[in-house]
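Thanks for coming, everyone. Today I want to walk through salt bridges. Please have a look at the structure first.

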Amino acid sequence: IAFTSLVYPALILAYMGQAAYISRHHNFENINHIGFYVSVPEKIRWPVLVIAILAAVIGSQAVITGTFSIIKQCCSLSCFPKVKIVHTSSTVHGQIYIPEINWILMILCLAVTIGFRDTKHLTNAQGLAIITVMLVTTCLMSLVIVLCWNNSIVFSLVFLLFFGAIEVLYFSASLVKFREGAWVPIMLSLFFMIMMCVWHYGTIKKYEFDVENKVSISWLLNLGPSLGIVRVRGIGLIHTELMSGIPAIFSHFVTNLPAFHQVLVFLCIKSVPIPHIRPEERFWVGRVGPKQYRLYRVVVRYGYRDVPKDDIEFEKDLVCSIAEFIRCGDSDDQNGSLDGATDHACERLSSISKGLPFQEDDDSEVNGSDSSILSTGKETYQNAVGPKAKRVRFVLPKDAQIDGEVRSELQELTDAREAGMSFITGRAHMKAKSGSGLVKKIAINYIYEFLRRNSRGSVTAANIPHASTLEVGMVCQV
């Protein structure tokens, strides 16, 4: 709407005004006359100018759209800091909008225009940028001919020498104007290349640190059922990018604070390149360690057009999915397993098509001491504390066969849900190891840390709903 109602009319008026001024005040005797305008026959000058206007409009829009697409691909390859990506279409995956990049483009356009104040310098900068893009495209195209199309190297070299020789001539001619404005695209490219290289290098080092410090299941088993810590009431949701193993944040947390929730959930949020994920395919639940540990792994998948629910609804769906997983007895053949999600038998993930119904309401008629019963058909088990208590229960199918162990685990999950949930996320501070080179220290300690602090975190980018958050800081020596 903004482009159609404001930007497009402004561009049309600007280019038509320039064309009208040139046609009215152009001096053919002047040494600075415009060669392109003179070379066009007088009868078709206006149609050519109209075509040039349309080409400029299309080109300006293509630059913005192309920038969004390139930034998205760079984020997917961990070559650019995380930014907010808004998908504007439910059918076209590549139709996106990035607010941060849009603002950066606006600021750069204004800075270059105000800084030069001369169309000559702008033309020199644009000319070098365009011919550089053409030269790079030709070089990459020669690789495509060999690697993707499986043609001969000779054909690729002929293509590269023919088109590359022509473009090198134009490129060398543009370099002559380097000090007259052509330095701008070179400096901008150098700046963004350094930023992307540092971010990619820091991301690789961070991933290597996470893999090397990932806690194994054997470490967990050696702690015993009590985990060597005090288990407090409630559910703890630990956000992690790992789909197997125990993240280092857990061992770091329990080492410094030996207390944790009675039910622990390792929560992994994954975005998939399709518009929507069906509700019955959203949650994948598994168990970490033996049953008495009450440790679970949940993978939640979202499509790029899915809107996450609010805190209460998300927590309710999460607990209901875990309850259904417990009721089904973590059978291996429930709904298959998530590919690539397991490296241990006890970490097999099962798809939960429909969570166990969960009800909670105020019951003023229930009095007495603590008691807990799950409902099966007409039979209801209530939890009451004091004169007015909240009744929380799972509604089980009438024909459900529930043994005592499963009933006990479901009740413990219910009690933990009543006590509340805490969302725990890690915040890693990267630091170069002592003895590292000066370049590495500058790249990691300053540039990467600056980009990390000023970019969107994994939790914010995924728009994860949570009522209360606890952030655990770690220093990663890389």
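**Salt bridges, pair by pair**

Searching the whole structure turns up 11 salt bridges. Keep in mind that this is a predicted model.

Start inside a helix. Lys-205 pairs with Glu-208, and their closest N and O atoms are 3.8 Å apart. Both sit in helix H7, residues 183-212. They are three residues apart, about one turn of the helix. How exposed is Lys-205? Lys-205 has 22% relative accessibility, so it counts as partly exposed. Glu-208 is partly exposed too, at 34%.

Next pair. Arg-294 forms a salt bridge with Glu-412, with 2.9 Å between the closest N and O atoms. This one links distant parts of the chain, 118 residues apart. Arg-294 is in the loop between strand E5 (283-287) and strand E6 (295-303). Glu-412 is in helix H11, residues 404-419. Is Arg-294 buried or exposed? Its relative accessible area is 11%, and buried means under 20%, so Arg-294 is buried. Glu-412, at 23%, is partly exposed.

Third pair. The side chains of Arg-427 and Glu-471 meet at 3.5 Å, N to O. Arg-427 belongs to strand E11 (residues 421-431), and Glu-471 to strand E12 (residues 469-477). Arg-427 is partly exposed, at 31% relative accessibility. Glu-471 is also partly exposed, with a relative accessible area of 47%.

Last, the network. Which residues are in it? Arg-278, Glu-280 and Glu-281 are joined by salt bridges that share partners.

Notes:
Residues are numbered from 1 along each chain as its sequence is written. This is a predicted model: local features need pLDDT of at least 70, side-chain atom pairs count only at pLDDT 80 or more; totals for chains, interfaces and linings use all residues. Side-chain values use heavy atoms; hydrogens and water are left out. A salt bridge is a side-chain nitrogen of Lys or Arg within 4 Å of a carboxyl oxygen of Asp or Glu. Helices (H or I, at least four residues) and strands (E, at least two) are DSSP runs, numbered from the N terminus. Buried means under 20% relative accessible area, exposed over 50%, partly exposed in between (1.4 Å probe, protein chains only).
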